[in-house]
Amino acid sequence: MIKKIYLFLLLAAQVIAYGQFPELAPTPPMGWNSWNAFALNINSKIVKAVADSMVSKGLKAAGYRYIVIDDGWQIARDKDGRIIADSTRFPEGIKYLADYVHSKGLKFGIYTCCGTKTCGGRPGSFCYEVIDAKTYAEWGVDIIKEDWCFTDGLDTRTQYKIMSDAIKATGRPMLLSLCEWGISSPWEWGKGIGAMWRTTSDIQDCFDCVRNWGGMGFIPILEKNVNLAPFAGPGYWNDPDMLEVGNEALTITECRSHFSMWCMLAAPLIAGNNISIMNNTIRDILTAPEIIAIDQDPLGIQGTRIRNDSGLQVWQKPLKDGSIAVALLNVTNSVANMYVTLEEIGFKKDGTSSIRDLWNRKDLEAVTDTFKTEVEPHGVVVVKIVGKKAPASALKFEQALMELNRGNHQLIKISVSPINTPLTVTSSNADVLSLSLDGVNTYRLLARKEGNCIIKASTTDGKMITSCNVHIAPSNIPAPWKLNDIKDDKASANYEDGVYSIEGGGADIWGASDQFAFLNREVVKDNYISTRVLSQTNTDPWAKTGLMIRESVAPNSIFVMLCVTPGNGVSLQWRDITGGICNKKDFSSTSFPIFLKLLKNSSIFSAYKSVDGNQWESLGDVTLNHAFNEKYLVGMEIASHSSHMLNLSKFDHVKVESLVKE
C-alpha cells in the first residue's frame with residue numbers, strides 16, 4: 001500500500017508543477033503554536049482554552065489568526081494508512097477541534113514531519129503525504145507545519161515539494177510551513193513550495209544562549225537572519241521560529257526587544273506562551289498595534305541592519321507609506337546613547353523629519369539631521385521616521401579588482417547608501433563568471449573557467465553605476481589533489497607555501513546523505529593520511545574539520561572521518577553501509593594546532609592525534625562491515641553545519657603514504 005501511494009505521488013510531482021497558494025500569506029502569518037509552552041503535553045482542553053483566550057484577550061483583534069497543534073497529537077495509523085489522533089488527549093477528534101477553532105473566527109493548524117517519525121517519535125508523513133494532505137483537508141486544517149526529523153537519505157527540496165503538491169491537489173488552501181531548520185538554505189528554493197521557512201534551529205527561552213545541539217536564544221537567531229532580507233516578500237517569509245515572549249526566562253525588557261525585532265524582520269508572529277494564563281503586560285506586548293503594523297506592512301520588506309557597534313545595533317525597514325521604521329537595539333549590559341542619521345535611511349538632511357515612538361504611541365520632536373535616544377540594557381527603541389527622500393549618494397564594490405582561481409567561489413559585497421537602494425547586478429560573461437544573490441547587497445561568484453570578466457552594478461534608475469574587474473586564474477591546487485563540493489556549491493580551495501585552505505558550507509557529514517567540501521586524492525590498497533590542522537573559523541558547535549577516508553564522492557558513500565568540532569571536541573565518525581546511518585565516538589576537546597592521523601588497514605581504520613606530529617595518541621579503531629573498492633579517496637574535509645556561514649580551515653604537513661611495501 002505504502003509503495004503504491006509513494007509511486008503515485010512521485011509521478012504526480014514530476015507531471016504537475018503545483019506550488020503553494022500565493023494568496024495565503026500576503027503579510028507574515030500571525031498565530032499561536034503549542035510547542036514552546038507545552039511540548040508533547042498538548043490536548044484538546046488546552047487548545048480550546050487558547051482559542052477562547054485569543055478572542056477574550058484581544059489577540060484575534062490584533063491580527064492573530066492561526067492556532068497550531070505541534071508534535072504530540074498523533075499516535076498511529078490505521079490499516080489504510082490514515083493518521084490516528086491520540087484519543088486520550090483528543091477524545092473528540094481533530095475535526096471537532098478544527099471546527100471549534102473556526103467557530104471563534106480563527107484558523108486551525110497541525111504538525112507533521114517529512115521523515116518516518118516526528119521529532120517526538122510519532123508517525124511521520126514519509127510515503128503518506130497524499131493520504132495526510134487529504135485527511136488534513138477533510139478535517140479543515142488551514143496551515144501545516146512540516147518538520148525534518150528521521151529523514152536520513154532524504155532531500156529537503158524533494159520532500160517538501162511532495163507535500164506541497166499533495167496539499168495543492170486537495171483543493172483546500174492550506175499554508176505549508178517548512179521546518180528544516182535552515183540547513184539547506186530554504187530561502188533560496190522555498191518560494192512556491194511553502195509560504196514560510198525556518199531559517200535556524202529551534203529558538204530557546206533565553207536572550208543570547210547557544211545550546212550544544214544547535215538551539216539558541218533570540219539574539220543569535222537575529223544574527224543569523226541579518227543577511228536574508230532579499231529572500232522574503234509578500235507570500236513568502238523567512239521564519240526565525242516562534243516567539244518566546246511570555247515564557248519563563250526573558251525579562252519584560254527582553255520580551256519587548258524580542259517582539260520588536262521579529263516585527264522588523266517581517267517574521268511570522270507565532271506566539272509560543274500559554275495565552276490562557278498570560279498577564280496584561282505580556283498581552284500588551286503581543287498586541288502592541290504600532291509595532292505589529294511594522295510586521296504587517298503590505299510592502300513586505302524585511303528589515304536590514306545598518307550598523308552594529310559592539311552590540312549597539314541600528315535596523316531599518318521601509319514601509320509602504322514612504323516612512324522608515326528604525327529599531328535601536330542595545331544588546332549590551334549597559335545603558336547606551338544611540339542614534340540614526342536621516343541620510344543613512346535615505347532621507348535628506350537639513351529638512352524637517354517627523355518622529356513617532358511606536359511603543360509609547362506618541363509623536364516626538366522633529367529632527368533635521370540625527371535622531372538620538374538613550375536605550376536601556378537589552379532594550380530597544382522603535383520609531384517611525386518620515387522625511388524627504390534623497391537619491392542614492394554612494395555606490396561601489398568593496399573591491400574594484402578581484403582574482404579567483406578556477407572552480408572557486410567568493411563573496412563580493414556592494415556598498416550603497418542608503419542600504420535599501422534597489423540594485424541591478426550582472427556579469428559580462430556568465431560562462432567565465434556566474435553570480436547569484438547571497439544576501440543584502442552581497443553576491444556569490446563562481447569562477448567557471450580562466451579569463452576576465454566584469455561585474456556591473458547600477459541603481460535601477462541607471463543614475464549610478466559601478467564595476468569590478470575579475471580575473472580567473474588556473475586552480476593552484478597541486479595534482480593529484482582535487483576539490484569536490486558535495487551537494488553544496490559554495491566551496492573553495494587554495495594552496496600556498498605548503499598550506500591548504502578550504503572554505504565551504506555544508507549542512508553536515510551525517511545521516512545518510514552528506515553535504516560538505518572535500519579536498520581529496522585517489523589511492524589504492526592500504527594507506528594513511530596525516531595533517532596538522534592549523535585553524536577553523538566556524539563557530540557552530542558541530543562544524544567539522546579533519547581527515548576522511550571515503551569510498552566515493554557520492555553523498556551517501558561509506559566513509560571514516562576524524563574531525564575537530566568547536567563545541568564537541570575530537571570526533572571519530574563513520575558510515576559502514578552505503579546510505580546507512582552514521583556512528584561516532586567523541587573525545588575530549590582540543591585546541592589548534594592539532595595533528596590528526598587516519599589509517600586504513602584492510603577494513604580496520606585507526607585514529608590518532610598528536611600535539612607535535614611525533615608522539616601519537618591512539619583514539620581507537622573502527623572495523624567496517626564493508627570492504628572498500630581497491631581505489632578509494634583520502635583527503636581533508638570541512639562542513640560548516642550552518643547555511644549562514646562558511647567554515648574556513650587551514651592544513652599543513654599533509655602526508656599520504658602507503659602501508660604496502662613495494
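These are my notebook entries on a predicted model.

**Conventions.** I number residues from 1 along each chain as its sequence is written. Because the model is predicted, local features need pLDDT of at least 70 and side-chain atom pairs pLDDT 80 or more, while totals for chains, interfaces and linings use all residues; side-chain values use heavy atoms, without hydrogens or water.

**Confidence.** I looked up pLDDT, the predictor's confidence in each residue, from 0 to 100. The chain mean is 93, and 97% of the residues reach 70 or more. Residues 1-18 have pLDDT below 50. Beyond near neighbours in sequence, I find 26 contacts for that stretch in the model, a contact being heavy atoms within 4.5 Å.

**Sheet.** I took helices (H or I, at least four residues) and strands (E, at least two) as DSSP runs, numbered from the N terminus. Two strands pair if DSSP finds at least two bridges between them. I traced an open sheet of seven strands, ordered E27-E30-E39-E32-E33-E34-E35, with antiparallel pairing. E27 pairs with E30 (residues 516-524) over five bridges, in the antiparallel sense. In this pair, Leu-483 stands opposite Leu-519.

**Cores.** I used nonpolar cores as sets of buried Ala, Val, Leu, Ile, Met, Phe, Trp, Tyr and Cys residues joined through side-chain atoms within 4.5 Å. Buried means under 20% relative accessible area, exposed over 50%, and partly exposed in between (1.4 Å probe, protein chains only). The largest core has 103 residues, of which Trp-73, Phe-259 and Trp-262 touch the most other members. Helix H9 (residues 252-264) gives the most to this core, with six residues. Another core, of 35 residues, lies apart from it and includes Ala-517 and Leu-547.

**Gln-515.** I found this residue in the loop between E29 (499-504) and E30. Gln-515 is buried, at 14% relative accessible area. Its side chain reaches the backbone oxygen of Lys-487 at 2.6 Å.

**Backbone.** I noted a cis peptide bond between Ser-417 and Pro-418, with omega about 0 degrees. The bond from Ala-479 to Pro-480 is cis, with omega near 5 degrees; Pro-480 is in the loop between E26 (465-473) and E27. Ser-602, not a glycine, has a positive phi of about 60 degrees and is partly exposed at 46% relative accessibility.

Technical notes: A polar contact is a pair of N or O atoms within 3.5 Å; within protein, one must be able to donate a hydrogen and the other to accept it, and residues adjacent in sequence count only if both atoms are side-chain atoms.
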